[in-house]
Amino acid sequence: MKVLHSISLAYLSNSCAYRFYEAVVELPLCKAKVLDPNEDAFNEHIDENRREMALLARRQCYEIVGNALRHLKDASTQSSVRSGFVSGQNLVSDAALRDKYIRQIIQLSMRCHDQAFHEYLYQTMMEVGLESELLELAGPDLVPFLQNAGSRQISKVIYIHTLLFSALV
């Protein structure tokens, strides 16, 4: 744990090869705990700015796991540069192997009890086209997440509809 205090997120992101799925998941989540040891990100009794800063620090760590999923889902060289992974890494060209790595990352991620991380993971899975894998999960926070995601989408549709209607009138 002491080593994690001195490791930067940039180094961690560039050092975690996606094939070492345990490192891709465990190290960033440990780093999130180091950056927010008092779990201020989840404490609703503290100043909102302090809570948001703690959550932002955690999300930077979560992004390493999200980038690994993005990288594996879209195995093109352009994706590896965009997702923050070293562009010289060998890409996993075998689709079955990529799917195996994706599932292992997801399984390891679900062992974590960090609800903010789960929400980040679920959102990332939806963004990269892993909806089927998302629906296979049995996390206790999945149903509320999906309900909230649906509500947000309905709100966006209503807002866009209102804007369009206003423009026509």
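**Note on an all-helix predicted model**

1. In helix α3, the buried residues are Val24, Val25, Pro28, Leu29, Lys31, Ala32 and Val34. The model discussed here is a predicted one. Helix α3 holds 15 residues, and the distance from its first C-alpha to its last is 21 Å. That span is close to the 21 Å expected at 1.5 Å a residue.

2. The overall make-up of the chain comes next. The protein chain has nine helices and zero strands. Read from the N terminus on, its elements run α-α-α-α-α-α-α-α-α. The chain has 169 residues, and 41% of them are buried. If we take contacts between residues at least 6 apart in sequence, 56% of these join residues at least 24 apart.

3. Which residues touch the most other members of the largest nonpolar core? They are Leu69, Ile105, Ile106, Met125 and Leu137, out of the 33 residues in this core. Two or more residues of the core are given by each of α3 (21–35), α4 (48–73), α6 (95–110), α7 (115–127) and α9 (142–168). Helix α4 supplies the largest share, with eight residues. As a general point, nonpolar side chains in soluble globular proteins tend to be buried together.

4. Leu137, one of the core residues named above, can be followed through its contacts. With neighbours within four places in sequence left aside, Leu137 is in contact with Ile106, Met110, Tyr122, Met125 and Leu142. Among these partners, Ile106 and Met125 are also in the group that touches the most other core members.

5. The axes of α4 and α7 are 10 Å apart, and the two helices pack at an angle of about 35°. The crossing of α4 past α7 is right-handed. On the α4 side, the contact is made by Leu55, Tyr62, Glu63, Val65, Gly66, Leu69 and Arg70. On the α7 side, it is made by Ala116, Phe117, Tyr120, Leu121, Thr124, Met125 and Glu127.

6. Some of these contact residues carry aromatic rings. Tyr62, Phe117 and Tyr120 form one aromatic cluster. In the contact between the two helices, Tyr62 belongs to α4, while Phe117 and Tyr120 belong to α7. A search of the whole structure gives three aromatic pairs.

7. Apart from neighbours within four places in sequence, Thr124 is in contact with Gly66 and Arg70. Both Gly66 and Arg70 are on the α4 side of the contact with α7.

8. His118 is another residue of helix α7. It has a relative accessible area of 5%, so His118 is buried. Not counting residues up to four places away in sequence, His118 touches Ser109, Met110, Cys112 and Asp141. Met110 is also a contact of Leu137.

9. The loop between α3 and α4 holds Glu39 and Ile46. Ile46, in contrast, counts as buried, at 18% relative accessibility. Leaving out neighbours within four places in sequence, Ile46 is in contact with Asp40 and Arg51.

10. Phe20 is in the loop between α2 (9–15) and α3, and Phe20 counts as exposed, at 56% relative accessibility. Phe20 and Tyr101 are 81 residues apart along the chain, and their C-alpha atoms are separated by 8.8 Å. Ala95 lies in helix α6 and is partly exposed, with 38% relative accessibility. Ala95 and Leu72 are 23 residues apart in sequence, and from C-alpha to C-alpha they are 9.1 Å apart in space.

Terms used: Residues numbered from 1 in each chain as written. Predicted model: local features only at pLDDT ≥ 70, side-chain atom pairs only at ≥ 80, totals over all residues. Heavy atoms only, no water. Core = buried A, V, L, I, M, F, W, Y, C linked by side-chain atoms within 4.5 Å. Buried < 20%, exposed > 50% of the residue type's maximum accessible area, 1.4 Å probe, protein only. Helix = DSSP H or I, 4+ residues; strand = E, 2+ residues; numbered from the N terminus. Contact = heavy atoms within 4.5 Å. Phe/Tyr/Trp six-rings, centres within 6.5 Å; stacked < 30°, edge-to-face > 60°. Expected span 1.5 Å × (residues − 1). Axes fitted to C-alpha atoms, helices over the stretch in contact; angles between N-to-C directions. Left-handed = near helix turned anticlockwise from the far one by under 90°.
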